[in-house]
Amino acid sequence: MTFRQFAYRNVIRNSRIYAAFFMASCFSVLVFFIYSMLLFHPNIDESVLGVMSLLGMVVAEIILALFSLFFLYYSMNAFLEARAKEFGVLFHLGMDERQFGRLIFLETMLIGFTSIIVGIAFGFAFTRFFFMIVREILHLDELHMYVAWEPFLLTVGVFTSAFMVIAYASIVTQKERRTIHLLRGHDEHKQRPVTVRRAVLGLSFIICSYIGMFIGVKLENLAFIIIVPLFGIVGTYYLFSDTLPYLLERFRLQKKYYWRSYSVISLSETIQTIRANVKMFFVITLVSTLTFLTIGVLASVSSYTTQYERLNPLGMVYKSTIDNPYEQQHIASLRNQLELDRLSYNLSRFTVIQQTSSYTKYEVEVFRESEINHLLFSLGYPLVTLSQGEAMFIPYSEDAISDLQNYTVRTVLKENSIPLVIDSVYPEFIFPGNFVSSNSIIISDEDFIKIEQPLIGTTFEQSAYRLYTFDVPQWMELEHIGVAIDAMVEQESANSLGYDLPFYFENAGLNYSFVLATYSLFTLIVLLVAAVFLLAAGSFVYFKMYADLERIQKHFDVLRRMGLTDGELHRLVDRHLMPQFFLPWLVALVHSTIVLISFNVLLEHLVNITIVDEVIIGFVVLITIQIFYYYLIRWRYIAHIKSN
Amino acid sequence: MNRVPILEVKDVTKVYEGKVTHRAISQLSLDVEKGEFLAIMGPSGSGKTTLLNMISTIDAPTAGEIMIEGIRPATLTKMELAHLRRRKLGFIFQDFHLLQMLTLEENIIVPLTLDHYDVDEMQKRVTALANSLGLTDLLTKRPNEISGGQAQRTAIARALIHRPSIILADEPTGNLDSHMSREVLELLSNINQTQQATIIMVTHDPIAASYCDRVLFIKDGQFFNEIYKDERRQTFFQRILNVLSLLGGGVGDLSSIRLS
């Protein structure tokens with residue numbers, strides 16, 4: 001048997017222990033590879049995918065690589081420590097440090113290469129399926145399978161270097177650990193003492209970051225919102241390293257509660273677990289928080305889509321200046337396309353004039369009663385009847401309806417000296433926000449005719465504009481209408497010098513299909529990353545359990561002899577496993593809830609949507625999966641303990 | 001006077017079914033009376049630990065019957081067995097088996113917490129016991145901060161705290177040096193005399209056995225011999241050695257030498 005064979009057999013014959021670890025690394029290679037296949041696809045670029053999803057995928061790739069690196073390193077170390085006795089024997093038999101290094105290196109690379117190969121093989125097999133889904137989501141005609149060297153090279157390169165880094169890091173870490181302890185197995189390592197100062201610091205950092213988050217959102221200050229999480233991150237680390245152990249130790253002094261039943265055993269075990277796994281808890285918390293937040297973003301996009309119709313009651317809106325030379329041509333082409341696609345529509349045409357209100361001294365946009373009624377009729381909304389001298393607010397958002405309800409303004413349109421009483425608000429949301437100003441009113445036809453003078457200092461052409469609204473019942477099928485005009489508007493919007501076209505166009509259906517595609521792709525990305533993460537975290541706990549099995553078995557054997565019943569054993573196992581499983585999640589849940597609450601405040605303010613329902617659904621699903629996973633692991637765990 | 005035995009073992013047989021069927025204990029009987037200090041000796045693989053496991057109700061006999069204070073463990077449910085163990089039995093192990101993350105004080109009270117004792121009562125018992133075993137100064141220490149002798153004293157305190165009927169010790173001196181062994185054995189014998197505690201000890205060590213009232217020898221799962229304590233420990237020790245030499249060599253071996 002050569003040295004290489006020895007390393008090989010070490011892995012193969014421990015395959016049961018390595019299985020969970022191997023699977024998790026295979027899966028992360030797989031997901032990484034599939035993403036790179038999409039990223040390097042010749043037909044895919046920003047215009048197809050959207051900047052948001054593209055960025056999302058790159059971020060997902062980076063997180064995957066970093067998380068794999070950490071996860072693999074930590075698992076490897078836990079496993080090597082469990083094998084300390086075995087290495088002790090080898091050292092006694094005369095293995096030297098260099099051979100030890102080579103052994104670890106060979107073993108790691110063996111697992112590494114196998115999982116890279118298996119991961120890429122499965123990844124390649126699943127790519128076609130993945131492309132099919134993406135094609136459906138993006139409504140592409142074709143997303144053909146292709147073979148290029150880039151995705152392979154990227155995946156192999158990233159993961160090979162990851163495994164190499166891990167192998168070297170593990171060797172160094174193990175060397176430091178190993179002295180006389182070898183034959184005795186791993187005893188408790190020297191741990192940094194818990195200090196009150198850091199305990200308080202951890203808690204106050206977290207509280208500060210929470211408060212800071214709310215203040216940042218209130219002020220809508222981006223710099224604030226970026227700095228605050230740093231406090232949160234540091235605070236989280238101290239929370240696990242000092243605050244929690246400190247609080248639990250304090251609780252330990254309360255014998256009245258602490259010496260109750262087996263909480264003596266479980267509490268001390270929990271402290272031990274937390275202190276020994278600070279880094280793992282910390283990273284899992286961060287990644288979970290990130291996952292939860294992404295789900296939050298997902299939820300906001302999803303609620304944006306469900307609330308889309310409410311926010312965009314009109315199918316298409318075309319806004320034009322009076323002197324727009326393309327006006328007739330564009331409207332004709334839009335109508336033409338609608339007819340070609342056999343979509344029924346109702347066109348309303350508005351001439352909106354700007355006037356100065358004597359009440360606010362600001363400009364106000366004036367709509368004509370009969371024109372508005374034309375649109376309201378086609379929408380099936382209640383019509384407006386105004387007599388001379390009366391006016392009505394047009395709500396610029398849902399909230400505005402209730403805000404303006406009991407608001408009465410007596411004003412005069414200065415230019416033409418038309419006195420008005422504005423004492424009501426139209427009870428429905430009609431125009432999407434970016435078309436009409438927040439200061440828009442409807443006046444009666446009698447008053448409207450009287451408007452003869454334009455806004456002071458301008459001509460009629462400058463102070464008025466025309467609005468064409470297409471009310472299309474099947475608005476979701478509008479994605480092929482007005483694409484050319486939309487592209488012009490889109491291009492001009494990106495112009496840093498300002499918007500300079502004589503028209504503006506919005507197609508709710510086209511935007512909707514884009515939003516929907518982005519949303520679905522985003523969901524796909526997040527789901528895959530969340531799956532990798534879930535699998536890794538679970539396999540890690542399982543793996544640690546395996547490494548620790550001998551000690552745990554002995555531990556429970558002693559307790560069983562002392563008269564621990566089966567029921568008590570189960571409860572004790574619960575108390576032992578639950579912190580490992582749920583503590584980081586709980587902290588992450590609190591973190592992300594706080595962030596999402598403030599995010600919700602911001603969203604409600606900016607785009608008038610709320611994400612509470614979607615976030616709750618997302619969280620409940622995740623928690624259900626986690627609980628299911630927990631019982632799976634717990635079942636195996638108890639089986640192993642009892643098999644003794 | 002007719003003394004009722006606290007532990008009765010009647011014709012107990014234990015067979016392990018497996019790829020190779022193995023008869024660990026065969027037709028073994030023994031009685032232990034209250035206040036007795038019994039040693040069980042025998043070579044490796046003679047079934048000592050199996051016997052002890054059956055007495056501690058962790059393992060059930062294949063045939064025969066065990067009775068602890070008139071209770072038949074075989075008739076009890078798993079739950080009742082656990083309760084029986086936590087109230088009637090105390091355990092001392094070769095490698096102490098103290099729970100690493102607990103302080104000594106907490107280790108000692110574990111059996112009481114399992115039985116939901118009152119905290120004041122627990123505190124009272126720990127203080128008294130620690131005092132008599134000389135552990136008072138060590139109570140806040142962790143198991144990895146103390147010597148083997150101190151660890152075993154803690155384990156003994158843990159075995160005594162719930163005032164069990166029988167204390168079962170599995171090689172309690174196996175991991176200790178001679179000085180610490182003596183300390184522990186004197187402690188056990190002291191507890192046996194002053195508190196009328198019943199102790200059953202499995203051991204390899206003839207010196208340890210010489211502290212007992214009676215030594216039972218088993219070989220290959222069967223009863224081999226039994227000797228009682230006499231006035232002087234020295235002569236008792238000598239007699240134990242004599243039996244051991246027979247046990248180790250085997251009667252057949254000796255006679256065959258004579259024949260050739």
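B:Leu168 has B:Ile200, in β7(B), as its bridge partner. That link belongs to a predicted model. The two strands concerned are β6 (residues 166–170) of chain B and β7(B), paired in the parallel sense over five bridges.

Now widen the view. The sheet is open and has six strands, in the order β5-β6-β7-β3-β8-β9 of chain B. Its pairing is mixed. At the edges stand β5 (89–92) and β9 (222–228) of chain B. Each of these edge strands has a single partner, so one side of each is left without a neighbour in the sheet. From one strand to the next, the twist averages 20°.

A helix packs on this sheet. It is α5 (residues 148–160) of chain B, and it touches β5 and β6 of chain B. The direction of α5 makes about 170° with that of β5(B).

Next, follow β7 to its end. B:Asp205 lies in the loop between β7 (198–202) and α7 (206–209) of chain B. Is B:Asp205 buried or exposed? B:Asp205 is buried, because 20 other C-beta atoms lie within 10 Å, and 20 or more is the cut-off for a buried residue. Along the chain, B:Asp205 and B:Ile240 are 35 residues apart. Their C-alpha atoms are separated by 10.0 Å.

Back to the bridged pair. B:Leu168 and B:Ile200 also belong to the largest nonpolar core, which has 166 residues. Both are among the members that touch the most others, along with B:Ile40, A:Val31, A:Val532 and A:Ala536. The largest share of this core, 17 residues, comes from helix α20 (residues 508–547) of chain A. Take A:Val31 as an example from chain A. Leaving aside neighbours within four places in sequence, A:Val31 is in contact with A:Leu64, A:Leu528 and A:Val532. There is also a second, separate core of 25 residues. Among its members are A:Val364, A:Ile394, A:Tyr396 and A:Ile422.

Last, the contact of the two chains. Chain A gives 23 residues to it and chain B gives 25 residues. On the side of chain A, the elements that give two or more residues are α10 (255–258), α11 (263–276) and α21 (549–561). The residues on that side divide into ten charged, seven nonpolar and six polar.

Key:
Residues numbered from 1 in each chain as written. Chains lettered and ligands numbered in written order. Predicted model: local features only at pLDDT ≥ 70, side-chain atom pairs only at ≥ 80, totals over all residues. Contact = placed C-beta atoms within 7 Å. Helix = DSSP H or I, 4+ residues; strand = E, 2+ residues; numbered from the N terminus. Nonpolar A, V, L, I, M, F, W, Y, C, P; charged D, E, K, R; others polar. Buried ≥ 20, exposed ≤ 12 C-beta atoms within 10 Å, placed from the backbone. Core = buried A, V, L, I, M, F, W, Y, C linked by C-beta atoms within 7 Å. Pairing = 2+ DSSP bridges. Axes fitted to C-alpha atoms, helices over the stretch in contact; angles between N-to-C directions.
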